[in-house]
Amino acid sequence: MSNSTIEIVNKKIIFYTQNISLLSTLEKNNIFIGYQCKSGYCGTCRIQIIKGKISYPIKQPIAALFKTNEIFPCCCQPNGNIIIKI
């Protein structure tokens, strides 16, 4: 089990202690973003990572869909402390 913080620019800081998706962590903390597939294909949930690292435990979404610093919270997990912009 990891202990990390998820800082949302100009909103709040969340403590992350479980190996669940970033999207699930946000929802548990009453921060809702749009999503559809929950597998990284549709790109609806994409947000910006300002600092820190994430990983995709199951498989990395299609790289061609990524822009610089974009992540798909539906299928990624923080690796240590991260700062995101929603």
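Which residue is the bridge partner of Q48 in β4?

**Before you start.** This is a predicted model, in which local features need pLDDT of at least 70 and side-chain atom pairs count only at pLDDT 80 or more, whereas totals for chains, interfaces and linings use all residues. Residues are numbered from 1 along each chain as its sequence is written, and side-chain values use heavy atoms, with hydrogens and water left out.

**Stop 1: the whole chain.** Show the chain as a cartoon and follow it along the sequence, where the pattern is β-β-α-β-β-β, with one helix and five strands; helices (H or I, at least four residues) and strands (E, at least two) are DSSP runs, numbered from the N terminus. The radius of gyration, taken over C-alpha atoms, is 12 Å, close to the 12 Å that the globule rule (2.2 Å times the number of residues to the power 0.38) gives for 86 residues, so the chain is as compact as a globular protein of that length. Along its principal axes the C-alpha trace spans about 30 × 25 × 20 Å.

**Stop 2: the sheet.** Select the five strands, which form an open sheet in the order β2-β1-β5-β3-β4, with mixed pairing. The edges are β2 (12–16) and β4 (70–71), and because each has a single partner strand, one side of each is left without a neighbour in the sheet. Two strands are said to pair if DSSP finds at least two bridges between them. In general, strands of a sheet pair through backbone hydrogen bonds, either parallel or antiparallel.

**Stop 3: around β3.** Now select residues 47–55, which are strand β3, and look at its antiparallel partner β4, joined to it by two bridges. In β4, I71 is the bridge partner of I47, and E70 is the bridge partner of Q48, which answers the opening question. Strand β3 also runs antiparallel to β5, with six bridges between them, and in β5 the partner of I54 is P78.

**Stop 4: E70.** Leaving aside neighbours within four places in sequence, E70 is in contact (heavy atoms within 4.5 Å) with R46, I47 and L65.

**Stop 5: the core.** Select I6, L22, L26, Y56, I71 and I84, which touch the most other members of the largest nonpolar core, a set of 22 residues; such a core is made of buried Ala, Val, Leu, Ile, Met, Phe, Trp, Tyr and Cys residues joined through side-chain atoms within 4.5 Å. At least two residues of this core come from each of β1 (4–8), β2, α1 (22–28), β3 and β5 (77–85). Centre the view on I71, and among the residues that it touches, not counting those up to four places away in sequence, you will find L22, C45, F66 and I84.

**Stop 6: the cysteines.** A search of the whole structure finds zero disulfides, a disulfide being a pair of cysteine sulfur atoms within 2.5 Å. For C74, the nearest cysteine sulfur is that of C45, 3.7 Å away, and C74 is buried, with a relative accessible area of 9%. The sulfur of C76 is 6.5 Å from the closest cysteine sulfur, in C75, which is too far for a bond, and C76 counts as buried at 0% relative accessibility.

Notes. Buried means under 20% relative accessible area, exposed over 50%, partly exposed in between (1.4 Å probe, protein chains only).
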